Each structure stands twice: as structure tokens, then as C-alpha cells.
Amino acid sequence: MSEHKARITWKRNGPDFLKGKYSREHTWTFDGGVTVQASSSPSVVPAPFSNANAIDPEEAFVASLSSCHMLTYVWLASREGFVVDSYEDDAVGTMAKNERGVPWVDEVTLRPKITYSGEKLPGPEDEERLHHAAHEQCFIANSVKTDVKVAAVAQHA
């Protein structure tokens, strides 16, 4: 089908590596040339060994689920004749420990606020159906075992 690439670069920058005292800051470079500053989450590795201003893997995971859902939803809505003017999502992921005691992102809640315009506006049933279809067709959601929930708010222009 297709390949999707990312280059992750990290380099040790201190003498206390074996004591766990090293920076977790690194970069993500994508095939389109964009480079993003990344780090471990400060909730996992406290400062100064992490950087709260950088993207951490947990945030990126939540963002990828939200982005995939949004892209799929907007495409499905357009195919049904609904004009989407804007889509904002304040997605939240929660961590828990699995049956082996290992932390994982067990749930992601998507909270899209969608604004529509035009003569054909979706009703609540349409939106529920579109969100369900978007979840079923989202490549990322189909790749993970995390429970993804949608708590959508519609806005009509």
C-alpha cells in the first residue's frame, strides 16, 4: 500500500547517562522536511531531563487519532453534501496501567466542535452516523487497541 516515514534523532549530552541523568529531548523529522522538537512527557520524566515545550509521544498519539478522525469525518461529510466550515478538537488521552502493570494510553476522548453551513445541515443522527463511520474507517484507530470515544458538539453557521 504505502510507507510513512519519520526520522527520530537523539544524542547523549552529559556524563551521567548510566545514572539516568540525561536529556530526553530529541527531534522528529518527517519525509516532507518538517522537523519537530520532541521529548519525554514531564509526567513520566521530570525536568530538567524532559522539556514541557516539546511534543511528547503521548501527545502525538492523541493528535494522530484526532487528526485521522477529523480527516475521515470531513471527507465523509463532503460525500453526503454537508459543508463543513471548521472542525476543532480538544482531544484528551488518559493513561492507566494494564493487567501487567504497564502504563498505556487506555482511552482517548475526541471533543470535536464542527461548524457547518449551506442548505443541507446534518442532524444529530447524521453526525452520530458520520462519527461512527469515521472511527470505523480511520487508519490510526484501526491500528490501536485504545478505546476512542467521541463527544461532539455541532455548530451551524
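Two strands pair if DSSP finds at least two bridges between them. The views below are taken from a predicted model.

**View A. Strands S5, S6 and S8 in an open sheet.** The order of the three strands is S5-S6-S8, and their pairing is mixed. Strand S5 (92-97) and strand S8 (147-150) are the edge strands; each has a single partner strand, so one side of each has no neighbour in the sheet. On average, neighbouring strands of this sheet are turned by 25° against each other, direction ignored.

**View B. The S6 and S8 pairing.** Strand S6 (residues 103-110) and S8 run parallel and are joined by four bridges. One of the residues to look for is Leu110, whose bridge partner in S8 is Val150.

**View C. Helix H1 against the sheet strands.** Helix H1 covers residues 57-79 and includes Thr72. H1 lies across S5, S6 and S8. The angle at which H1 runs to S6 is about 35°.

View D. A polar atom of the Thr72 side chain lies 2.8 Å from the backbone oxygen of Cys68. With neighbours within four places in sequence left aside, the contacts of Thr72 are Ala134, Gln137 and Cys138.

**View E. A cluster of Trp10, Phe17 and Tyr22 linked by ring pairs.** The search of the whole structure finds five aromatic pairs. Among them is the tilted pair of Trp10 and Phe17, with 6.2 Å from centre to centre and 45° between the planes. The ring centres of Phe17 and Tyr22 are 4.7 Å apart and the planes stand at 35°, so this pair is tilted. Trp10 is partly exposed, at a relative accessible area of 37%. Phe17 also counts as partly exposed, at 35% relative accessibility.

**View F. Arg24 over the face of Tyr22.** Arg24 is placed 3.8 Å from the ring centre of Tyr22. Tyr22 belongs to the cluster that ring pairs form with Trp10 and Phe17.

**View G. Lys120 and the ring of Phe82.** The charged end of Lys120 sits over this ring, and its distance from the ring centre is 4.9 Å.

Definitions and conventions: Residues numbered from 1 in each chain as written. Predicted model: local features only at pLDDT ≥ 70, side-chain atom pairs only at ≥ 80, totals over all residues. Heavy atoms only, no water. Helix = DSSP H or I, 4+ residues; strand = E, 2+ residues; numbered from the N terminus. Polar contact = N/O pair within 3.5 Å; in protein donor to acceptor, adjacent residues only side chain to side chain. Contact = heavy atoms within 4.5 Å. Axes fitted to C-alpha atoms, helices over the stretch in contact; angles between N-to-C directions. Phe/Tyr/Trp six-rings, centres within 6.5 Å; stacked < 30°, edge-to-face > 60°. Buried < 20%, exposed > 50% of the residue type's maximum accessible area, 1.4 Å probe, protein only. Lys NZ or Arg CZ within 6 Å of the ring centre and 35° of its normal.
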